[in-house]
Amino acid sequence: MPPKFDLLLNRPGVDRRANNRREAGLLSRLLADPDTRVLDWYAGRAPVHPDGTLAFRSPQSADQQALVIYLGVMHEGPAVLAVHAERAGDDVPVADLRTVGETLDDEQRSVLTTAAGIANWHATQGFCPQDGSPTVAVEAGWSRECTAEGHHHYPRTDPAVIMAVIDPDDRLLLAQGTRFGTREGEIPRMSVLAGFVEPGESLAAAVAREVQEEVGVSVRDAQYLGDQPWPFPASLMIGYVAYTDAPALDTDPHEIVAARWFSRDELTDDLRAERIGVPPRLSIARHLIEHWYGGPLPVATRW
């Protein structure tokens, strides 16, 4: 029986309390409350304790001039804010979601995932796409307003399908994408296929198109397994399993460095011999692989 599809980034987390975002003076009130928990945000990283947990702090007067984002309410009661800072001090240990995401508890993982996604969006929205005027953060950091015409812009999430493709011999297709080119001394990084959904396209159609484009394989019976956010920078990864009756590969060299079919024994041998690496458990890709494999892989990943 396949393992439970338990995605780390899909577990219950911080209570977003989205209805609070338009409350007048919300951020000022929370920044005046010493019980508010503040997470500093430094270009994709946040401060952590030596044990790897997030290092929250109380509000400071300087926060009033910073970009502040209301993330919601923690289970024990206090509100939590993300505050953008230009740089961390030399004595401040910091880490990103990929580094500590697997070891955080569900709530802290949710906080860090949300902070990463919304901060990535703010980083690209300094100017209005309609008239080019500067924008300012409003609605507790969940919208930006054009300073000239008052246009409001909200965070976007890009849907992407990611699929475990299985052949008639129950082998799994893994590929190395050109974005993960192997540096000297590294083992090849291999994963399941993935791609963004195009306008006017269903999820199942995107599965079929991406597999055909990247490896020249036609698939059938695409079945949804689960989804999770992936804030690198702003995706929703939607997991599928699909099947093919014709496994001959014709890879697109612009997208794929190498691709091959693996039996369970072959994957086990290559992982133990460190001939390939696979994604970490934070990624839905790892769960798709383990769903086919029938349980946890025998070795940790080196990604």
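**Packing and pairing in a predicted model**

User: What do the buried residues of helix 5 pack against?

Analyst: In this predicted model, the buried residues of helix 5 pack against strand 10 (172-177), strand 14 (256-262) and helix 6 (284-293). Contact here requires heavy atoms within 4.5 Å.

User: Which residues in helix 5 are called buried, and what makes them so?

Analyst: Within helix 5 (residues 264-272), they are Leu267, Thr268, Asp270 and Leu271. The term applies under 20% relative accessible area, so a residue is called buried when its value falls below that cut-off. Just after the helix, glutamate 274 takes a positive phi of about 60 degrees.

User: What makes the side chains along strand 11 alternate, and which of them are buried?

Analyst: Side chains in a regular strand alternate between the two faces of the sheet.

User: How many helices and strands has the chain, and why is it called as compact as a globular protein of its length?

Analyst: The chain has 6 helices and 14 strands. Its radius of gyration is 22 Å, close to the 19 Å that the globule rule gives for 303 residues, and it is therefore as compact as a globular protein of that length. Of these 303 residues, 46% count as buried.

Terms used:
Residues are numbered from 1 along each chain as its sequence is written. This is a predicted model: local features need pLDDT of at least 70, side-chain atom pairs count only at pLDDT 80 or more; totals for chains, interfaces and linings use all residues. Side-chain values use heavy atoms; hydrogens and water are left out. Buried means under 20% relative accessible area, exposed over 50%, partly exposed in between (1.4 Å probe, protein chains only). Helices (H or I, at least four residues) and strands (E, at least two) are DSSP runs, numbered from the N terminus. The radius of gyration is taken over C-alpha atoms; the globule rule is 2.2 Å times the number of residues to the power 0.38.
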